[in-house]
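Please look over the sequence and the structure first.

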Amino acid sequence: MLIGIAALCIRLAPLARGDLKFQTGWDASDYIPLAQGIQHGCGFARFDNGHCASADVSRPPGYPFFVAMMPGLRTVLVIQALLGAALCIWLGWFVSTRWGSGAGLTAAALLAADIPSIVYGAMIMSEALFQFLLTGAILLQLSAIIADELNARTAAKVFAAAGLLAAAAMIRPTGIFLPLFAPLPFVFIKGATWPRALVFGMLAFAISIAPMLAWTARNQRVAGVGTTDTDSAGILYYYDAAGVLSYATHRDFFTVQNELRRDADSQGDNSRSGSAKPGALVRESLEIFLQHPIATVVVMGRGFLLIATVPDRNELNEIIGTHGAGPFGLPPSADILIRVRNTLRSPLLTVLVLLQLVVTLFVWTGVGRAILRGGVHSKGEASLLWIPFSLALLMLACAAGPDAAGRFRVPAVPFLAMLAGIGWFGRRAHEVSSPETAVRDFVMAVRPVVAQMEEQGN
């Protein structure tokens, strides 16, 4: 609980700023007009200069609807801070009940002190909400697997988790793979026969994918675009494919990116305007990847390593008001010396960047210890580690590319923190007494005494 309170205080601290200039950067320039459009009765369309724009298909609708429900932007930031603190408590409690208080406290502390989670939770960005929904869904799934019995309660947990996965998938495009995780608990619960597990698994999958299908149908109807968003195709083409071409042809990244943009504009494609043909952008991106397989592996592999380890610097510099940022938009793998020199301008920023690197090393070492630990005697026990591990890797892989940044690690942080806590301080399940186990043991111990007293009374 104390860690949760500390996490809340840290996440609320940026609200002490008198303006919202920092909080409304990045993708907020898209989210806020869409939220205003919803509030002004435009539907899912931007509200610009007092008028409703055409129906928007660039982004999933979840986060703009979340912002639109709030009375103001500061309220959005307060709610995001509360969600972040609540998630620290939930994660710590869950890990403690299964792997001991040491593991739980470590997991909660790592999440509470994660700088990218703090920074982007203090902005009008979808990271905090997506992180809460995704982690909450997986914790519900794991608690159902731990119960090891298919009954109404465990089934309800899995279906509730499927609902959270559906909501998460409507917030960030990387959530497109999440419905595949919805049926997994029914595979690992012992009490589920295959016919029953199949039926329940199909229902969980249907719950998680239904909103995506409905929104795809909406986009097809209003813009002829059969996808949940067009922004993903643009990122794949203008960043990932551009990065591969830049590496393969030894040309400047921004030069290649501008060339691709001109080619797309000449064909009438503009993913930001809502008139894009995402299918064409995806096909052209795949052609580039296939033409340059080695460059693709190098660029995506480097992007994955950067997302997994790169500290947040530019936005952290803004939030604490130091002078070590820039130039904005530089790919993390480019001009490292410029970044180091800029960071060293501020001793405080330097310390915080180094601290992130040390914590990252601690986390990944703990993750490795958790995955390699022995004593796992069943597929159910193994799933408690492998489900969060595979999901963390998937979240990192989906964002791997030339535009790698610390913000893209935010959805994976709770799972990495959980595994790190288990790896460093986790105890075996039979060594940990959960509240339910403690109550059961107390009842079992008291029952013979009560029976003996009743016999003496008779």
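Helix H7 is mostly covered, with 19 of its 21 residues buried. This is a predicted model. H7 covers residues 127–147, and at 1.5 Å a residue its 21 residues should span 30 Å. Just after H7 comes Asp-148, which takes a positive phi of about 60°.

| Helix | Residues |
|---|---|
| H14 | residues 293–309 |
| H18 | residues 379–398 |
| H19 | residues 413–425 |

Next, a helix pair. H18 and H19 pack at an angle of about 140°, and their axes are 9 Å apart. The two helices are therefore oblique to each other; the cut-off for roughly antiparallel is over 145 degrees. Their crossing is left-handed.

Which residues meet between H18 and H19? From H18 come Leu-384, Leu-385, Pro-388, Phe-389, Leu-391 and Ala-392. From H19 come Phe-415, Leu-416, Met-418, Leu-419 and Ile-422. By class, this contact has 11 nonpolar residues, no polar residues and no charged residues.

Last, a single residue. Leu-306 is found in H14. Is Leu-306 buried or exposed? Its relative accessible area is 18%. Buried means under 20%, so Leu-306 counts as buried. Leu-306 also pairs a sequence gap with a distance in space: Asp-403 is 97 residues away in sequence, and the two C-alpha atoms are 9.6 Å apart.

Conventions
Residues numbered from 1 in each chain as written. Predicted model: local features only at pLDDT ≥ 70, side-chain atom pairs only at ≥ 80, totals over all residues. Heavy atoms only, no water. Axes fitted to C-alpha atoms, helices over the stretch in contact; angles between N-to-C directions. Helix = DSSP H or I, 4+ residues; strand = E, 2+ residues; numbered from the N terminus. Parallel < 35°, antiparallel > 145°, perpendicular 65-115°, else oblique. Left-handed = near helix turned anticlockwise from the far one by under 90°. Contact = heavy atoms within 4.5 Å. Nonpolar A, V, L, I, M, F, W, Y, C, P; charged D, E, K, R; others polar. Expected span 1.5 Å × (residues − 1). Buried < 20%, exposed > 50% of the residue type's maximum accessible area, 1.4 Å probe, protein only.
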